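Hello,

Here is the structure I promised to hand over. Please open it first, then read my notes below.

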Amino acid sequence: MQVEEALLARIEAGETLNLSRRGLLGGVAVAGLLLGAGMPGRVARAQATGGLQHATKVAAYLNIRPDGTIHLRSPFVEGGQGVDTAIAQIVAEELDADPARFTVTCAPPGADYMVVANGQRRLTGGSLSVRSSYAHFRKLGATARAMLLQAAAEQWSVPAKDLVTEPGRVLHRASGRAAEYGELAALAAALTPPADAPLKDPKNFRLIGKPVPRLGMRERATGRVQYAIDLKVEGMLQAAVVHAPRAGAQPGEFGNEAQVKAMPGVHSVHRLPGAVAVVADSFWHARKAVESLQVIWTALSGPVLAEDFSNATMLDSLKGAKGRPGNPAEQAGDVEAALQRAARVIEAEYDAPYLAHAQIEPPSALARFNADGTLDVWVPNQVPEVFQSVAAREAGIEPAKVRIHTPPLGGFFGRHFAYGPGNPMPQAIRLAKAVGRPVKVIWTREEEFRRDAYRPLAFANFRAGLDNQGKLVALHAAGYGEGPITRHFGAARLGNPPIDGSIMEGLSGKPYRVANKRIEYVPVPHPPGVNLGFWRSVGHSMNDFFFECFLDEVAQAAGRDPLAFRQTLLQHSPRHLNLLKAVTELAGGWRGQPFEAPDGSRRARGLAMASPFGSEVATIAEVSIDQGEVVVHDVWVAIDPGQAVNPRIIAQQVESAVAIGLSSALAEEVIFERGEPKTRNFDTYTVLRSDRMPRVHVRVVESGAPMGGIGEPGLPGVPPAVANAVATLTGQRIRSLPFSKTRFGQA
Amino acid sequence: MIELTVNGETRRVEVEADTPLLWVLRDTLGLTGTKYGCGIAQCGACTVLVDGQATRSCSVPVDAVRGARVTTIEAIEKDPVGRRVVEAWVAQEVPQCGYCQSGQVMAATALLTTTPKPDAADIRAAMTNICRCGTYNAIAAAIRQAADAA
C-alpha cells in the first residue's frame, strides 16, 4: 500500500522524472490487486471521481471522417499486445460502429490522455491498458454516439429520443430518414459533449466479449507498418554508437580520428556520455566508421561497473545477505515457533539470471530541432510524457516545445521505458543539436544487449514446516536484491516497511493459506552500471518459478500430489479451485505420475499457479527428455481475468507469454564477465525458436471478478510448470535458471 | 555504381561493394519493409528472396547479388504464392508486433514455392526466423492454410 501512496504523492507534486510503468503500481505485489478490492485511501478517493474525468473529451480522441472511417488517438502504444483493437472494440461498442473502420494511432503527450490509475497517469505497461481504461472508453464511445444523435435531431428537427443507431448510422424510424456518421460528424463535433450519455446494458453487447478481428494485420503481413527505426525526415543524417565496454568508462583520445573522418559518408565523430558516435549519410557508413574508431576509454564516472563484476559475484552478493532480517511483505502467526514445532522442515534456495528484452526492433530515436525552437522526437516508448520531460531536459527547452511521436513498437516486453542511459533518445538529441540537422540513432543489436535494462538476477530462499500429518503449517520466504522500482524510483519511495514489489511480487501475493507465514524483502543493491528494467511480468517472471517449484518440493516431502496439495491450501478460494478445475479439464485430466505417451516417449506433467496483474492463472506443462534436454509438448493455461473484452486476443497473448516464459526457462541468460556483458547478440543469447515451441491450449474463465491484465499473466506459470514436470519425470529439481545449465536424464 | 534487380525493376546504386544488401534496400532504395534485427544472420528479420531463395540480407554484400533477382516484402503480393501467404497470415491473425513478419512471410513464400505441401518437419526446417512474440504456432497454421489454398 505504502508504495502507491508514496508514488501518488510524488506524481501529485508534479514529479515526472524516471517514472516507469510501475509508477503507480510499484506496490501492487504488496498491495494485492490495485484495481481489485483493497485500495489505499488516496487511490480510493480518486476512484470516487470514477476515473472518468477525460471520458467526455471526444474531440481529443475521435475523428470521424466524412467517409465514415474513424481515427482514434489512443493513450496506449500498440506493440503486439492487441491494445489498438481492444480499445477500438470498446469504443465501437458504445458508439455503435464497426471496429474494422477504425485506425488507431498513439496520441501525443497531453493531459487528456491520462486514463490509467483513475485518470491520473498514462503508460502502456503493467498489463494495465484495458482494465484501467475500460470504463473511460465505454463512456467516450457513448458520449460520441449521443453527439451524433443530437446532430441528427437538430438536422431533422426531431427529438433525439426518437432516433436510434445501427453500426455507423443514425436512423429516424418514423420518417425512414438515415444518415451515416460521416455525414453528421462535422455537426456533431460542434456540440458540447453531454455529461451523462447512457451506457449500453452489457447484456446487449455485440462486440465486447467477442473475438473481434485484430486491426493492422494486413499492414503487418506486408511490411507496411512504419516502426521508429524505419522513419526518415528531410535532411536527416544517421548515427551509430559504440558504448564503453565496461559501464562507467568515458571516451578519451581517439587513435585514428582522421582516418575515420575520411571514411565514406562520414559527417562527424562525437564523444557522448559513456559512448562514441559517428554521424554519417547512411546507417551502414555510420556503423562501419564508429566500429573502426580506436577509443581510449578513460575515467570512470556515472553508473559504474567494477572490473571483476560477473553473474557469479552478483549471486554471491545476494547469497551473502542470507539470514539478514528483511522487511516483512506478508506476515501471519509465528513462523519461527511453528518451524520449531514442525515435524519436518524443508529448505531450498533458488536463483534466476539477468534477462534481456530481446525485442526484435532495435532501439532507435530520431530528433529534429525546428526553426521555431521546437523539437520533434520519434522514439519507441511506453510513456510519452516521461520521454517529453527527458527530451526537454536534454535539449534545454520547455517540455511544451517537445513533440513526442510514438510509432508502433516492434516488440517491447517492458523495454521502452526511459531507463536513463538505457535508450538512445538523449544521444539523438545531443547529436542533432551538434550537427544542426535531424539525426536518427540506431543501436546495433550488440549495443542494445550491452545497454539494455535487464530483468534483475534474483535469489530467494524458503523454509517450510510440515506437521506429522503432512500439513503445511509454516512458510518463510525471502527475496533478495534490487528491482527496477528501487532503481528508478529510489529506495526512499518504497514505503514503510520498504518493499520492492518488482523483487517481491510472486513471492508475496500468493493465494495459499498458511497459518504461520513470513514473506520478506532483503534489499541488496545491484551495481549502478547494470541497468535494471521491467521485463514481461516483472518480479513474477522469476518469483512464481521459485515459489511454485518450492511448493512442489514441499508437496513431495509431504507425500502429497501437487494438485491435491494446492487444493488443500485453497479451500477458502472458490475462484482458485475453479481455475484448477478448468486447467485440468482443459488438459484432459491431471496426471501426477510419469506415464508413457502414445509415441512411446516417457512423459510427465507439472502444475503451477500465479496471481499476476489482477488476473489468476493455472498452468500445466507436459514434458519429456530427449538427449538430455527438456522437450515441452503441450502447455495448458486457464486464465481468469474476471471479464474478457476480446477472448481471441487473450488466447494470443497467453500463447505469446508461454513462448517467452518457456524461452526464459530454457536458455536465456545475460552473462557478465570481468565487468562487461558478454552476450551481445542472438548467437549467444538464445531465445526460443519454432523448433522448441509447444502446442498451447488456452481457456478463458470469466469469474466476474474485477478486470485483470492480459499481456503478462500468461508467463509466470510456465517456467515452474515445466520445471515441476521435469522433476516428476527425472527426479532432478531445477533451482537455478536457465535449464540449459543442467543435463537431464530419465528417472 | 552497382546494378541490381529489385522487385522486377533495374536499380543503380552508388554504394561500396561490401555494403550489406539490407542497408542498400533500406537506406538507399527506401524499402524499409525489410527489417534489421541482428546483423549476423541469426534472427531472419531481414529475409528477402534472391532468385527465389530465402536469404538473410544483412549478411549478403550487395556485390554478391549483381545479376540476381531480389524480391522484398513490398512486392510479395505480386507473387501468387506470396499472395496466398499474406492472405493466410491475415486470416490466422499471425502478426503480433509484426516486426519479424516481413521476414517470416518471405521465408514461408520460399518454402511453399519449392515445397507446395510441406509437412511439419519441412515447416520446422524452413522456418528458423525468430519471433519474440512467439507466433510460431500461428505461422505454421498459416503455412498449412496457404498450402491448402493452392
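First, the ground rules. This is a predicted model, where local features need pLDDT of at least 70, side-chain atom pairs count only at pLDDT 80 or more, and totals for chains, interfaces and linings use all residues. Residues are numbered from 1 along each chain as its sequence is written, chains are lettered from A and ligands numbered from 1 in the order in which they are written, and side-chain values use heavy atoms, with hydrogens and water left out.

**The sheet in chain B**

Chain B has an open sheet of 5 strands, in the order β2-β1-β5-β3-β4, with mixed pairing. The edge strands are β2 (9–13) and β4 (53–56) of chain B, and each pairs on one side only. On average, neighbouring strands here are turned by 40° against each other, direction ignored. Helices (H or I, at least four residues) and strands (E, at least two) are DSSP runs, numbered from the N terminus. Two strands pair if DSSP finds at least two bridges between them. In general, strands of a sheet pair through backbone hydrogen bonds, either parallel or antiparallel.

Strand β1 (residues 2–6) of chain B runs antiparallel to β2(B), and 5 bridges join them. In that pairing, B:Ile2 stands opposite B:Val13.

Two helices lie across the strands. Helix α1 (residues 21–28) of chain B lies across β1, β2, β3 (47–50) and β5 (69–71) of chain B, at about 105° to β3(B). Helix α3 (residues 101–114) of chain B lies across β3, β4 and β5 of chain B, at about 35° to β3(B). Axes are lines fitted to C-alpha atoms, for helices over the stretch in contact (heavy atoms within 4.5 Å). Angles run from 0 to 180 degrees between N-to-C directions.

**Cysteines**

How many disulfides does the structure hold over all chains? There are 0 (a disulfide is a pair of cysteine sulfur atoms within 2.5 Å). B:Cys133 is in no disulfide either; the nearest cysteine sulfur, that of B:Cys97, is 3.8 Å away. B:Cys133 is buried, at a relative accessible area of 5%. Buried means under 20% relative accessible area, exposed over 50%, and partly exposed in between (1.4 Å probe, protein chains only).

**The interface**

The contact takes 44 residues from chain B and 64 residues from chain A. About 4,300 Å² is buried between chain B and chain A, and carbon and sulfur atoms give 52% of that. Buried area is the accessible area (1.4 Å probe) that two parts lose on being put together, summed over both. In chain B, B:Glu93, B:Gln96 and B:Arg132 lose the most area to chain A, together 21% of what that side buries.

The rule finds 8 salt bridges across this interface. A salt bridge is a side-chain nitrogen of Lys or Arg within 4 Å of a carboxyl oxygen of Asp or Glu. A:Arg224 forms a salt bridge with B:Glu77, the closest N and O atoms being 3.8 Å apart.

**Two spots in chain A**

Helix α14 (residues 425–435) of chain A is mostly covered, with 8 of its 11 residues buried. Among them are A:Met425, A:Ile429 and A:Val435. A:Gly436 follows α14(A), and its phi is positive, near 70°.

A:Glu291 is found in helix α10 (residues 283–292) of chain A. A:Glu291 is partly exposed, with a relative accessible area of 44%. Not counting residues up to four places away in sequence, A:Glu291 touches A:Val242 and A:Thr444.

Best wishes
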